[in-house]
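Trainee: I am new to this structure and would like to learn how to read it. Could we go through it one feature at a time?

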Amino acid sequence: MSTDKSDSTPLQSSAVINEAVQTLHDGGLVAFPTETVYGLGADANNPEAIKKIFAVKGRPSNHPLIVHLAAPDKYDVAQIDWAALLSPWVRDVSEKALLLMNTFWPGPLTLVFQKDKSVLREITGGQDTVAIRAPAHPIAQELLRKFKGGVVAPSANRFGKISPTSAADVHNEFEGELGLMVLDGGDCEIGIESTIIDLSSGDKPILLRPGAITPSEILAKTGIKVYQVGEVKKTDETDSLPRVSGSLLAHYAPTTPLRLYAPGRVLDALSEFPDTKSRVAVAVWDSESSLVLEDHPSIDVEEVIVSSDSTAFASRLYRSLRDLDQQAWDLILFPEPPAGEEWDGVRDRLQRACFGSGPSSSSHVSN
Ligand code: TXA
Ligand code: MG
């Protein structure tokens, strides 16, 4: 069910959020907006409800879920006792964890901890760690606060497909799921999933999924160094690094074949796909001049302008991929993101989207 939104501020009324809270208590699923992407939520203490998420998404049951928690009502961010809020879920909270939470929560950062023994195995896929995040979106916050418990929520898309960044995307994704409640919070501001940092394997925080919050920003604001997976020496602890999207090649994938082109090499990219070059959508940086492909009459090319600012690009990425996927192109070309950490999140999503793209994408391993 979707509900009315006002023209300017698409916030749901309290009555609708109360209904969503009741749905969660009753063991149902509620899709809700976060600042990153829309999530498909269930009561984190109800194993049957959690199983529904895996069924609806078509996601293998050993792929762990993130537990979403609320900041307290009328909070002063500086005063929140995150350790107390986490105590039902995690075994212990280190100084580093506290500093990260005090600096970035609520916000687009997920932290992985050693789990408390009470955390359901349906959430963790049988691992001894649990991922937690406090989303900043006001509707997510209100829902979580009123629910008074943890809500597990993967991105509200079918397994391996593009994550939704609007309520309409969620409806399109789960067309057959009659009665699925979708809270409408408008377009997601950040547009790619949260940064995930593993704090569970010793003293070194490890970046498991790049996102809007980068290791440089973390270092600048907290003095904490975050390591790349490859930088941490394999020990008994890190041998058992958790399974994350970072280890999966295909994800976020459109049905139309998607490829990246190197700067100035659109024609090379086209010539690699001779059988699919009849109608091609080419994304072009807004900072660049037009492609001028008129001397290739066999190719019907349409340019789509994309932002050369990494934050603006991220916020529109899934929207663009979804829209292009609806338009029956034979091929979609995107420019390779430039070097630089601020592009890591986008590069990660685009590379996986390419790998998983095409009509047979459902056969790839992904989440
Ligand atoms: O921005 C986000 O994080 C969104 C919104 C809805 O909050 N959620 C999201 O969930 O992206 P999902 O399930 O699509 O991706 C969660 C990722 C998966 O790659 C999963 O493997 C990883 O988090 N993950 C979950 N629990 C984990 C754990 N205990 N250890 C390591 N990775 C974990
Ligand atoms: Mg996902």
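Trainee: In β14, which residue is the bridge partner of Val282?

Mentor: Keep in mind that this is a predicted model. The bridge partner of Val282 in β14 is Leu333. That bridge belongs to the pairing of strand β12 (residues 279–285) with β14, which is parallel and runs over three bridges.

Trainee: What does β14 pair with in the parallel sense over four bridges?

Mentor: That is β11. Here Leu260 has Phe334 of β14 as its bridge partner.

Trainee: In what order do the strands of this sheet lie?

Mentor: The order is β11-β14-β12-β13, in an open sheet of four strands with parallel pairing. To find the edges, look for strands that pair on one side only; here they are β11 and β13 (300–306). From one strand to the next, the twist averages 25°.

Trainee: Which helices pack on this sheet?

Mentor: One is α11, which touches β11, β12, β13 and β14 and whose direction makes about 165° with that of β14. Another is α12, touching β11 and β14, with a direction at about 130° to that of β11.

Trainee: How should I read the two faces of β14?

Mentor: In a regular strand, side chains alternate between the two faces of the sheet. In β14, Leu331, Leu333 and Pro335 are on one side, with Ile332 and Phe334 on the other. These residues are all buried, so both faces are covered.

Trainee: How many residues of α12 are buried?

Mentor: The count is 10 of 13, and α12 is mostly covered. Among the buried residues are Val346, Leu350, Ala353 and Cys354, and also the charged residues Arg347, Asp348, Arg349 and Arg352. The buried residues pack against β9 (206–209), β11 (258–261), α11 (310–326) and β14 (331–335). After α12 comes Gly358, with a positive phi near 105°.

Trainee: β9 is in that list. Which strand pairs with β9 in the antiparallel sense over three bridges?

Mentor: Strand β8 (residues 195–198) does. Asp198 has Ile206 of β9 as its bridge partner. Both strands are in an open sheet of 10 strands with mixed pairing, in the order β7-β1-β2-β6-β3-β5-β4-β8-β9-β10. Its edge strands are β7 (181–182) and β10 (227–228).

Trainee: At what angle do helices α4 and α8 pack?

Mentor: For a pair of helices, read the angle and the distance between axes together. Helix α4 (residues 95–104) and helix α8 (residues 215–222) pack at about 100°, with axes 11 Å apart. They are therefore roughly perpendicular to each other. Leu99, Leu100, Thr103 and Phe104 of α4 meet Glu217, Ile218, Lys221 and Thr222 of α8. By class, four of these residues are nonpolar, two polar and two charged.

Trainee: Last, a loop residue. Is Thr165 buried or exposed?

Mentor: Relative accessibility decides this, with buried meaning under 20%. Thr165 has 3%, so Thr165 counts as buried. Thr165 is in the loop between β6 (151–152) and α7 (167–173). Leaving aside neighbours within four places in sequence, the contacts of Thr165 include Thr36, Tyr38, Asp187, Cys188, Tyr318 and Arg319.

Definitions and conventions: Residues are numbered from 1 along each chain as its sequence is written. Chains are lettered from A and ligands numbered from 1 in the order in which they are written. This is a predicted model: local features need pLDDT of at least 70, side-chain atom pairs count only at pLDDT 80 or more; totals for chains, interfaces and linings use all residues. Side-chain values use heavy atoms; hydrogens and water are left out. Axes are lines fitted to C-alpha atoms, for helices over the stretch in contact, and angles run from 0 to 180 degrees between N-to-C directions. Angles under 35 degrees count as roughly parallel, over 145 as roughly antiparallel, 65 to 115 as roughly perpendicular and the rest as oblique. Contact means heavy atoms within 4.5 Å. Buried means under 20% relative accessible area, exposed over 50%, partly exposed in between (1.4 Å probe, protein chains only). Two strands pair if DSSP finds at least two bridges between them.
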